[in-house]
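Hi there,

Here is the structure I promised to pass on.

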Amino acid sequence: MKSFLRRIVVLQFAFLFFLPIMGQNAVDEQIKRTAAQRVAQMNDYISFMADKSNDMETRQYYKKQALNLFAGRGYNYEENGVNKEGVRMEITSVNNTRPRSKLMRVYFNGLMNLTYQKVSIQSTELASIKVSNLQKVDNNMYVCTCYFDQVFVGYRDGRPVYKDITRKKVKCYIEVQDVEGGPQEYVVLLGDVQAIDTKRSN
């Protein structure tokens, strides 16, 4: 896992934040808050991509920014010695609750080309995103899981014709990097997004 993230850090933009020297519990809580911020950022980009009031150039920009949040920037990466084609998003609907998995970049393309006249996607606010306890992989690596809800509404002729709410979870990878003469740096990247439950929204 360490080699996986170190390779990604070289190949893509990293999300860094800096912490002063503090107790481990405080460090853990800061890492968890930052993971939640990362997930909220992903959800914002998804909402912007789906919003057809934005022109396609703007939505393509948000797609690129969203892919930068993920391991491998949405393309090939290695995890635990296994080469993967890219991170994946599970999708469901009220008519088909069995999750189907798509490469994230493919999912984003589909999101921008939905046939609804208007699409609204709203997700759990940052403060309400649930974060699991950190799991320490080694001295420099942690993982955690963030949980959130996503409400999807599709419109035709100005009226909502499809609505659902899906509980999702996303794996977060955090690498601790020592900086000579400075505070530690923490690199947070997102992995696969799984669909836990989908139901009709009111």
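**What I found**

Let me begin with Lys102, which is partly exposed, with a relative accessible area of 35%; here buried means under 20% relative accessible area, exposed over 50%, and partly exposed in between (1.4 Å probe, protein chains only). You will find Lys102 in strand β5; helices (H or I, at least four residues) and strands (E, at least two) are DSSP runs, numbered from the N terminus. Leaving out residues up to four places away in sequence, Lys102 touches Val87, Arg88, Met89, Ile91 and Tyr107, where contact means heavy atoms within 4.5 Å. Between the C-alpha atoms of Lys102 and Gly86, which are 16 residues apart along the chain, the separation is 9.5 Å.

Before going further, a word on the source: this is a predicted model, in which local features need pLDDT of at least 70 and side-chain atom pairs count only at pLDDT 80 or more, while totals for chains, interfaces and linings use all residues. Residues are numbered from 1 along each chain as its sequence is written, and side-chain values use heavy atoms, with hydrogens and water left out.

On the whole chain: the protein chain has four helices and eleven strands. Of its 202 residues, 46% are buried. Among contacts with a separation of 6 or more, 64% are between residues 24 or more positions apart.

Now the helices. Helix α3 covers residues 56-67, twelve in number, and from first C-alpha to last it reaches 16 Å, close to the 16 Å expected at 1.5 Å a residue (the expected span is 1.5 Å times one less than the number of residues). Which residues of α3 are buried? They are Arg59, Tyr62, Lys63, Ala66 and Leu67. Looking down the axis of α3, these buried residues fall within an arc of 135 degrees, so they line one face of the helix; the arc is that of the directions from the helix axis to the C-beta atoms. As background, an α-helix has 3.6 residues a turn, so residues three or four places apart point the same way. The cover over the buried residues of α3 includes α2 (24-50) and α4 (104-112).

Helix α4 has its own buried set: Met104, Arg105, Tyr107, Phe108, Leu111 and Met112. Down the axis of α4 they fall within an arc of 160 degrees, so they too line one face of the helix.

Ala50 belongs to helix α2 and, at 0% relative accessibility, counts as buried. Apart from neighbours within four places in sequence, Ala50 is in contact with Arg59, Leu111, Val119 and Ile121. Ala50 and Asn113 are 63 residues apart in sequence, yet their C-alpha atoms are 8.3 Å apart in space. Asn113 sits in the loop between α4 and β6 (118-123) and is exposed, with a relative accessible area of 54%.

Next, the largest pocket, which holds about 450 Å³ of space. For the method: on a 1 Å grid over the protein atoms alone, a pocket is an open set of points where a 1.4 Å probe fits, with protein on both sides within 12 Å along at least five of seven lines, and lining residues have an atom within 4 Å of a point. Grid points are joined across faces, edges and corners, and the volume is the space filled by probe spheres set on the points. The pocket is lined by 18 residues, and the closest to its centre are Ile91, Thr92, Tyr107, Leu114 and Phe152. At least two lining residues come from each of β4 (88-91), β5 (100-103), α4, β9 (141-156) and β10 (159-177), and β10 gives the most, with four. By type, the lining has eight nonpolar, five polar and five charged residues (Ala, Val, Leu, Ile, Met, Phe, Trp, Tyr, Cys and Pro count as nonpolar, Asp, Glu, Lys and Arg as charged, and the others, Gly among them, as polar).

Finally, two backbone details. Asn80 is not a glycine but has a positive phi of about 55 degrees; Asn80 lies in the loop between β2 (77-79) and β3 (82-84) and is exposed, at 56% relative accessibility. Asp157, also not a glycine, has a positive phi of about 55 degrees. Asp157 lies in the loop between β9 and β10 and counts as exposed at 70% relative accessibility.

Best wishes
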